Amino acid sequence: MKIVTWNINGIRTFKNGIKKILDSFEADIICVQETKVTRDLLDEKTAIVDGYNSYFSFSRGRGGYSGVATYCKDTATPFVAEEGLTGLLANQGEAVGCYGDQVELSSEELLALDNEGRAVITQHHLMGTDGPQKLTVINVYCPRADPDKPERKQYKLQFYQLLQCRAEAILSSGSHVIVLGDVNTSHRPIDHCNPDDVDNFEDNPGRKWLDHFLFETEENTENKSTEDDLADISQNSASGGKFVDTFRHFHPKRSNAFTCWSTLTGARQTNYGTRIDYIFSDRSLVETGFIGVDILPEVEGSDHCPVWAQLSSTLQFSPKFPPLCTRHMPEFIGKQQKLSRFLVKIPEKQSVSKGSVESLPGSQDAGEIRENLNPVVQGNSVAKKRPTDREADINGHKAKRSKQTKTESNAKGSLLAFFKPKQTPLIPSSGKQAESSQDVVDSESDTRRCPSDAQKETNLSNATEMENENQNEVEGESTSIDKSKDCKKEPCTVFWKTVLHGPPQPPLCKSHNEPCVLRTVKKAGPNLGRQFFVCARPQGHASNPQARCNFFAWVEKGK
């Protein structure tokens with residue numbers, strides 16, 4: 001059995017569908033995080049993948065945010081699947097159960113923890129040496145603690161608490177448990193590219209929770225020298241510590257094994273990242289069933305890389321898909337949906353009345369609200385009177401006549417007319433020109449009556465003379481217009497050059513003597529919106545000569 005976890009940073013980035021990448025892992029269970037898709041935007045090629053059955057959890061508060069999904073091969077179909085950790089989103093008969101003690105959290109807090117679509121639980125049957133056993137896989141995308149939002153720090157710790165409560169409760173019921181996904185906390189200094197740059201690294205609440213949640217293996221205790229340290233470890237393991245970081249179990253001393261990098265600074269090029277994607281498992285399963293665990297930093301397409309684990313056991317698949325499976329969604333099963341599914345009953349308190357505008361849907365603007373309440377626009381009735389039979393006949397007769405006229409006018413046109421050059425008639429600019437043109441016309445009419453060579457020469461000379469005069473006047477006018485345009489253009493050009501002077505010239509960084517890149521401060525504070533120059537190379541450790549140097553320069557105002 002092989003299992004994979006990967007934060008894909010948007011499932012819709014796979015333009016040709018996700019099947020190709022799923023097949024490339026050659027895994028039985030693939031858990032993805034940060035799908036950034038809501039149910040109304042989930043398309044069929046993503047939800048229904050040939051050879052797989054999938055289970056989604058969507059964010060209910062924000063679109064394009066959070067979300068997790070678990071894809072299982074048809075040969076590894078789970079027997080039960082559940083959305084969320086609290087049990088509040090599970091329907092009767094499709095829950096895994098075992099929720100533990102959730103008394104410390106209110107019902108509002110529990111619902112808020114599940115409303116962001118951060119967990120999917122699938123339960124499988126594992127065929128091991130000791131016979132069939134249950135295996136519960138908890139796919140999670142843990143929240144990130146935004147330093148600018150203190151409430152998110154509390155939200156993250158509550159999610160950790162709920163996750164541990166649920167995982168330990170399922171483990172106590174006799175099932176093996178694997179918790180995997182993006183935990184959004186690097187555990188040890190070896191899991192961080194620059195732990196010295198982090199204030200109070202060990203005192204971070206997320207790391208303290210991991211200390212309590214994980215069991216310290218013997219390999220990880222080699223760095224502990226005193227008996228007091230070993231006693232602390234055993235005490236922590238006794239109080240909690242029912243799960244093992246499987247990667248560190250197989251690779252206790254491997255450094256620079258990161259799974260997440262900043263895309264803004266190009267840190268992946270220098271491997272300047274953190275390890276925040278894990279596969280945790282109960283101690284018994286790690287000791288008896290796991291063969292190997294590793295990361296796949298060569299797999300691109302996200303700011304994270306996948307993590308895989310191989311087990312010696314095999315899975316027994318369920319003959320039918322659980323109710324949470326996307327194959328049971330009405331929009332994908334190909335059945336006619338009832339009209340009542342699209343209608344929502346509105347309580348009496350929210351019924352629309354002539355005097356209440358707030359009760360209308362929030363998606364309507366003020367104009368739509370006024371039109372719905374009273375269909376009158378600026379004193380004119382929107383609804384028109386139905387025309388009488390006589391008016392209808394008259395209007396129909398007019399419409400037929402206008403249509404017939406249009407058809408006739410279009411029929412008179414010839415295709416050759418579009419290819420004939422346009423004739424530009426000469427417009428006289430003075431009385432003399434008008435008289436001369438009139439003479440030309442008169443002479444031409446006389447010529448038609450009695451043509452003669454003398455008249456032809458006279459008419460030709462008059463026409464030539466008039467044309468030369470017109471040409472001189474046109475040239476004079478165009479020259480004056482060009483001069484006036486130049487006069488107007490010069491001050492405009494100077495003005496726009498002073499306003500839109502373009503970006504400043506980048507300086508050269510002192511370490512590499514290369515042009516810097518221009519950045520803008522986007523963090524709220526006194527420097528918000530200010531621009532500055534930094535080294536153009538990707539971010540990396542200070543000891544790496546190929547990484548970005550510490551050059552920094554503010555852009556002076558007015559430049």
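**Cysteines, pocket and confidence in a predicted model**

Student: Which cysteine holds the closest sulfur to that of Cys72, and how far away is it?

Tutor: This is a predicted model, and the distance is computed from it. A disulfide needs two cysteine sulfur atoms within 2.5 Å. The gap from Cys72 is too far for a bond. The closest sulfur belongs to Cys31, at 7.1 Å.

Student: Is Cys72 buried or exposed?

Tutor: The cut-off for buried is under 20% relative accessible area. Cys72 has 0% relative accessibility, so Cys72 counts as buried.

Student: What about Cys325: which cysteine sulfur is closest to its own?

Tutor: Cys325 is buried too, with a relative accessible area of 1%. Its sulfur lies 8.8 Å from the closest cysteine sulfur, which is too far for a bond. That closest sulfur sits in Cys72.

Student: How much space lies in the largest pocket?

Tutor: The lining takes in 47 residues. Among those nearest the centre are Arg144, Pro147 and Ile276. The space comes to about 1,700 Å³.

Student: Which element gives the largest share of that pocket's lining?

Tutor: Elements that give two or more residues include α5 (205-213), β10 (260-261) and β11 (273-274). Another on that list spans 150-172. The largest share is five residues, and they come from α4.

Student: How many residues of the lining of the largest pocket are charged?

Tutor: Sort the lining residues by type. Nonpolar residues number 15, and polar residues also number 15. The charged residues number 17.

Student: What share of the residues score a pLDDT of at least 70?

Tutor: The chain averages a pLDDT of 78. Some stretches stay under 50, among them residues 443-451, with six contacts beyond four places in sequence. The share scoring at least 70 is 67%.

Student: How many contacts beyond four places in sequence does the model have for residues 350-386?

Tutor: Read this stretch with its confidence in view. Its pLDDT stays under 50. The model has contacts for it beyond four places in sequence, and they number 22.

Student: What share of the chain's residues count as buried?

Tutor: The chain has twelve helices and 20 strands. Of contacts between residues at least 6 apart in sequence, 66% join residues at least 24 apart. Of the 559 residues, the buried share is 38%.

Technical notes. Residues are numbered from 1 along each chain as its sequence is written. This is a predicted model: local features need pLDDT of at least 70, side-chain atom pairs count only at pLDDT 80 or more; totals for chains, interfaces and linings use all residues. Side-chain values use heavy atoms; hydrogens and water are left out. On a 1 Å grid over the protein atoms alone, a cavity is a set of points where a 1.4 Å probe fits but cannot get out, and a pocket is an open set with protein on both sides within 12 Å along at least five of seven lines; lining residues have an atom within 4 Å of a point. Grid points are joined across faces, edges and corners, and a volume is the space filled by probe spheres set on the points. Helices (H or I, at least four residues) and strands (E, at least two) are DSSP runs, numbered from the N terminus. Ala, Val, Leu, Ile, Met, Phe, Trp, Tyr, Cys and Pro count as nonpolar, Asp, Glu, Lys and Arg as charged, and the others, Gly among them, as polar. pLDDT is the predictor's confidence in each residue, from 0 to 100. Contact means heavy atoms within 4.5 Å. Buried means under 20% relative accessible area, exposed over 50%, partly exposed in between (1.4 Å probe, protein chains only).
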